[in-house]
Amino acid sequence: MKKHRSKSSIHLGLTIFFLSISNIQHMLIDVGYLGEDSTIRKLYIPWQWLVAPFFFLFAYYFLHTKPVKKKSICFLFCPCLIVALVHISQWIYQVNINPNFIITKYFQPGLFLYTNFLSFVYIPAVIFAMYKMVMEYEGQHENENTLEKVKNETNWLKNLIHIGIGIVTLGKISVIIFMFCNMEKSYLSYPFFISLSLWIYWVGYVGINRSSSHKKLLKINALEVSEKKGGQTFERIHMLILEKEMYLNPDINLQSIAEQFGISKGYLSQLINSHTDKNFNDYINELRVNTAKEKLIDSLYQNYTVEAIGLECGFKSKSNFYGAFKKFTALTPNQFKKKNSQLSIS
């Protein structure tokens, strides 16, 4: 299916793959299946160092479409490369230079245990960066309605991170115990391996089934960008209508304004509706009414009749003026004028 071929799904698959290999490798060493003389045990490829990077990339491509920065790639993968080279160098040194060199046992303080401990320091650092990325992504959405929609699609990802932190803490505790107690084997690691196995399954199940959330986030982002651009366009149109007092023209219409800005009537109507919650006629009439209110209480217009002021403000008839005025003020023009005259006297 197409949804399984997205970048986020590919990195999720790689997360599960390396997590599974790491889990299997540690369990085989823990139960003694891979002995101290095993080449796999001596080489010890640190798969767990790849889990957090690919999980980070899964979250990144779940939220973004642009490529990840090279600086971030170095931060994610250089530690794994360095640790792998250190372990391989140790194996090469024993095989080709000093056969008497002893590679430390699984639970003994030494390179194997120390790099495992470091991985439990590095993984939380990556997880923290991932959590910060999710929070910053949510913080980019200022509109409350949009933010709520975004959180609905990212909460499950934060829950995955929270549980992952708990499991990493279990692993860190078990490694610390091994380091200080010099244990030959320990059942303390089993809760970690079991919870990790369950988490692997859950990450796969939830991640794949939530892949549609990626498309929803893309739609939310696209809509928000569109609304921002539309807001700028509407603001320009609105300011021009006010500055040139275009609304005072009784023959103004949707087509004439749309042509001035090189946009369609439909798009202009949509802009006005989405930013004022009014249709074109109500939008223009409200501007006219606001001007009429000023003129009705202005001493310069005290000799004008109410009907004349309505015509001055762009209304074509007395009935249109009275109807629009009462709609936006809940008063007739005469009631408004009388009320404001009494207020000025008092």
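Predicted model: local features only at pLDDT ≥ 70, side-chain atom pairs only at ≥ 80, totals over all residues.
1. Now for the overall picture. The protein chain has 14 helices and zero strands. Of the 346 residues in the chain, 42% are buried. The chain exposes about 19400 Å², and carbon and sulfur atoms supply 60% of that area.

2. One example of residues separated in sequence is Leu118 with Val175: they are 57 residues apart in sequence, and their C-alpha atoms are 9.9 Å apart in space. Leu118 lies in helix H5, which covers residues 111-139. Is Leu118 buried, partly exposed or exposed? Its relative accessibility is 45%, so Leu118 counts as partly exposed.

3. Helix H9 (residues 254-261) and helix H10 (residues 265-276) have axes that come within 9 Å and cross at roughly 100°. Because angles from 65 to 115 degrees count as roughly perpendicular, H9 is roughly perpendicular to H10. Which residues make the contact between H9 and H10? On the H9 side they are Leu254, Gln255, Ile257 and Ala258, and these meet Lys265, Leu268, Ser269 and Ile272 in H10. Sorted by type, the residues of this contact are five nonpolar, two polar and one charged.

4. Aromatic rings deserve a point of their own. A pair of such rings is described by the distance of the centres and the angle of the planes. The structure holds 13 aromatic pairs. One of them joins Phe321 and Tyr322, with 6.0 Å from centre to centre and 85° between the planes, an edge-to-face arrangement.

5. Phe325 lies in helix H13 (residues 318-329) and Phe336 lies in helix H14 (residues 333-345), so the pair ties together parts that are 11 residues apart in sequence. Phe325 has a relative accessible area of 0%, so it is buried. Elsewhere, Phe17, Phe18, Trp47, Phe54 and Phe77 form one aromatic cluster.

6. Stay with H13 for one more residue. Phe328 is found in this helix. With a relative accessible area of 25%, Phe328 is partly exposed. What does Phe328 touch, leaving aside residues up to four places away in sequence? Its partners are Lys278, Asp282, Asn285, Glu286 and Val289. Phe328 and Asn290 are 38 residues apart in sequence, with 9.0 Å between their C-alpha atoms.

7. Asp277 has a positive phi of about 60° although it is not a glycine. Where is Asp277 found? It sits in the loop between H10 and helix H11 (280-296). The relative accessibility of Asp277 is 68%, so Asp277 counts as exposed. Ala330 has a phi near 65°, a positive value in a residue other than glycine. This alanine is found in the loop between H13 and H14. At 56% relative accessibility, Ala330 counts as exposed.

Technical notes:
Residues numbered from 1 in each chain as written. Heavy atoms only, no water. Axes fitted to C-alpha atoms, helices over the stretch in contact; angles between N-to-C directions. Helix = DSSP H or I, 4+ residues; strand = E, 2+ residues; numbered from the N terminus. Parallel < 35°, antiparallel > 145°, perpendicular 65-115°, else oblique. Contact = heavy atoms within 4.5 Å. Nonpolar A, V, L, I, M, F, W, Y, C, P; charged D, E, K, R; others polar. Buried < 20%, exposed > 50% of the residue type's maximum accessible area, 1.4 Å probe, protein only. Areas by Shrake-Rupley, 256 points an atom, 1.4 Å probe, with all protein chains shown as cover. Phe/Tyr/Trp six-rings, centres within 6.5 Å; stacked < 30°, edge-to-face > 60°.
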